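Reader: I'd like to go through this one label by label and hear what stands behind each. Could you take my questions in turn?

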Amino acid sequence: TGQDTICSLQNSFRFKATKNILCPLPAQWEIDTSFAQVISFTDTTIQMKFKKKGTAKLYAQIITPCDTLRDSLLISIITSPGSVNLGPDIQLCKFSTLKLNAGSGYKTYVWNDGSVDSVLTAYNTGQYFVMAEDYCGNIYTDTITITQAPDVPFDLGPDLKMCKNDTLTITAPGSFSKYTWS
């Protein structure tokens, strides 16, 4: 007996073989050592620390003069993705959207609007938050506030007149990533 879902590679875990108290024979333990490091064991218990995520089978057996009694426990080792990070609060230009991503690897997601995907597209200003639960029952949350950025002034200067065959230079304000002229 013992936990069949492990959520930590830092903690050690104890498993127990139950046997008849009149049986003097010890339980022998077996597990894939690429998944677990045995810390200690007795004739009925084993204490281990897990090394990596995956699935491992723990075996306990008692060899009697008449038969070998053997049982197993399938153990799922899961690492938690940890905290959720939606990024810093942000200002967006008018009519912009922002794709919020809570990250992968959680069992469930719940956003402030009730949606349950790992991503949410923010169309409006306001506070957005997500609650994510990992496969071990740990709850992680984060909140981001989206505000509207002030309008960026854009002015090409006063109207100009141009005579036939003249050239004219018009300079657009700097610090924009893309310009389209007509």
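**Salt bridges and surroundings**

Author: Let's start with D151 and K94, whose side chains meet in a salt bridge at 3.5 Å, N to O. D151 sits in the segment after β13 and K94 in the loop between β8 (90–92) and β9 (98–101), so this pair ties together parts that are 57 residues apart in sequence. Strands here are DSSP runs of E with at least two residues, numbered from the N terminus. Bear in mind that this is a predicted model, where local features need pLDDT of at least 70, side-chain atom pairs count only at pLDDT 80 or more, and totals for chains, interfaces and linings use all residues. Residues are numbered from 1 along each chain as its sequence is written, and side-chain values use heavy atoms, with hydrogens and water left out.

Reader: What makes the contact of D151 and K94 a salt bridge?

Author: The term asks for a side-chain nitrogen of Lys or Arg within 4 Å of a carboxyl oxygen of Asp or Glu. The N to O value for D151 and K94 is 3.5 Å, so the pair qualifies.

Reader: Why is D151 called exposed, and what is K94 called?

Author: Buried means under 20% relative accessible area, exposed over 50%, and partly exposed in between (1.4 Å probe, protein chains only). D151 has 57%, so it counts as exposed. K94 has 44%, so partly exposed is the label there.

Reader: How many salt bridges does a search of the whole structure find?

Author: Three. Another one joins the side chains of K19 and D43, also at 3.5 Å, N to O. K19 is in the loop between β2 and β3 (28–30), and D43 is in the loop between β4 (36–41) and β5 (45–50), so the bridge links parts 24 residues apart in sequence. D43 is partly exposed because its relative accessibility is 35%.

Reader: And how do you know that R70 and E30 meet in a salt bridge?

Author: Their N to O value is 3.7 Å, so the pair passes the salt-bridge cut-off. R70 lies in strand β7 and E30 in strand β3, so parts 40 residues apart in sequence are tied together.

Reader: Let's go to the loop between β8 and β9. What makes F95 stand out there?

Author: F95 has a positive phi of about 65 degrees although it is not a glycine. At 85% relative accessible area, F95 is exposed. S96 is found in that loop between β8 and β9 too, but its 28% makes it partly exposed.

Reader: What makes a set of residues on the surface a nonpolar patch?

Author: Each residue needs over 30% relative accessible area and no salt bridge, and nonpolar side chains (Val, Leu, Ile, Met, Phe, Trp, Tyr) are joined within 5 Å, while like charges are joined within 9 Å. The members here include V152, F154, L156 and W181, and the patch has about 980 Å² of accessible area together. Those areas come from the Shrake-Rupley method with a 1.4 Å probe; for residues, only the protein chains shown count as cover.

Reader: How much space lies in the largest pocket, and what lines it?

Author: About 310 Å³. It has 18 lining residues, and K16, A17, T18, A60 and D71 are the closest to its centre. β2 (12–16), β6 (54–63) and β7 (68–77) each supply at least two residues of the lining.

Reader: What makes it a pocket rather than a cavity?

Author: On a 1 Å grid over the protein atoms alone, a cavity is a set of points where a 1.4 Å probe fits but cannot get out, whereas a pocket is an open set with protein on both sides within 12 Å along at least five of seven lines; lining residues have an atom within 4 Å of a point. The volume is the space filled by probe spheres set on the points, which are joined across faces, edges and corners.

Terms used
Helices (H or I, at least four residues) and strands (E, at least two) are DSSP runs, numbered from the N terminus.
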